[in-house]
Amino acid sequence: MFVGKHYSLIGSLNWSKKYILLFIVIAAIPVVLYQVFDFKWLVIPWQPISVIGIAVSFYLGFKNNSSYERLWEARKIWGGIVNSSRTFTVMSRDFISNHFSKVNLPDESLLTIRKTVVHCHVAWLHALTYQLREKRAWEHSDKKSEAMRKLAGIHSDENHFEKLKPYLSESDYNYMMTKGNKTSHLLSIQSSYLKALREKDLIEDFRHMELANMIKEFYTLQGKCERIKNFPFPRQYASVNFFFVWIFILLLPFAMLNIVSGMDNPLFVWLTIPLTVLVSWVFIMMEMIGDYSENPFEGLYNDVPISTLANGIEIDIRQMLDEEDIPEARPNVIVQGQELMF
């Protein structure tokens, strides 16, 4: 997502430049017909267009609020993943011990077991980001968006799962790769680890139940992410809003002609073009903001930075185990002069 203080005006204009050029053409055609070819009948009253504009404004507000709710819910879910990951790591570090075991294991063996459990969780974190980056039919897939995803290294690619090999045993990795929903089965592997530890009395019943509840919590958080990812903003609302905005934009220059044609100077008619472009740009920007906020996991400017969050969680929880070979913090990515973080 974008991490600067605010988007620059130049960047915003560049983002919407194709629409601005189109608005100039849409506004220029009726003005030329009116002024040069004397098509005076093109003028239409402003009042019905203003009513449409008011209706579109309300509808845009509804759509943008709904899109923001999806974005903010996604961020809260990942906030829960951050907190639960820390809790799970601390529990794994402190609960797995010789306290209830009949055969005491050396400290090195206990540390290896703890790392195995925590590293499996790290694999789940990254696998979840890979699955959430998979493309859906309703997400943006233009060339510019795809190029930005590849530059950031967050494009959808099955090969990304190979990055999980350092965190898993060969058998666990092979088992995961045979499954469709890999993240769910990584949690299943976690559960089997805890079961084995309980059978060896390296975790007693109460502590095993607490850790099992954390697995349940991760399933819940994953399910919430999948709900947002796999169920789009209702297409009927998005489609109707798009239609209404463009109806208003297409009719706008004819209503603008009605306003400026009554001015004393006939040259003021040409003001229809910049005025139409300005108003149209405001409406299309509101439409685009809502459109690009609907899917918080698609890997673009306004998304939740799940890859960065997963990287930060990994660093945090592996430091809890006093590991030294931890990855560096994920750097910002520069895209077309804008500083972004994913």
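Over which residues does pLDDT stay under 50? In this predicted model, that stretch is residues 334–342, for which there are 43 contacts beyond four places in sequence. Where pLDDT is low, the predicted coordinates should not be read in detail. The protein chain as a whole averages a pLDDT of 91, and 95% of the residues score at least 70.

| Element | Residues | Mean pLDDT |
|---|---|---|
| Strand β2 (lowest) | 338–340 | 45 |
| Helix α8 (highest) | 205–230 | 97 |

**Helix α11 and its packing against α4**

Helix α4 (residues 107–132) packs with helix α11 (residues 306–320) at an angle of about 175°, and their axes lie 9 Å apart. Because angles over 145 degrees count as roughly antiparallel, α4 is described as roughly antiparallel to α11. From α4, the contact draws on V118, H119, H121, V122, L125, H126, T129 and L132, while α11 supplies I306, S307, A310, N311, I313, E314, I317 and R318. Classified by residue type, this contact comprises eight nonpolar, six polar and two charged residues.

Helix α11 is mostly covered, with 11 of its 15 residues buried. Among the buried residues are T308, L309 and I315, as well as the charged pair E314 and R318. The elements covering the buried residues of α11 include α3 (46–95) and α4.

The length of α11 agrees with expectation: at 1.5 Å a residue, its 15 residues should span 21 Å, and its end C-alpha atoms are 21 Å apart. Just after α11, D322 adopts a positive phi of about 60°.

Definitions and conventions. Residues numbered from 1 in each chain as written. Predicted model: local features only at pLDDT ≥ 70, side-chain atom pairs only at ≥ 80, totals over all residues. Heavy atoms only, no water. Axes fitted to C-alpha atoms, helices over the stretch in contact; angles between N-to-C directions. Helix = DSSP H or I, 4+ residues; strand = E, 2+ residues; numbered from the N terminus. Parallel < 35°, antiparallel > 145°, perpendicular 65-115°, else oblique. Contact = heavy atoms within 4.5 Å. Expected span 1.5 Å × (residues − 1). Buried < 20%, exposed > 50% of the residue type's maximum accessible area, 1.4 Å probe, protein only. pLDDT = per-residue confidence, 0-100.
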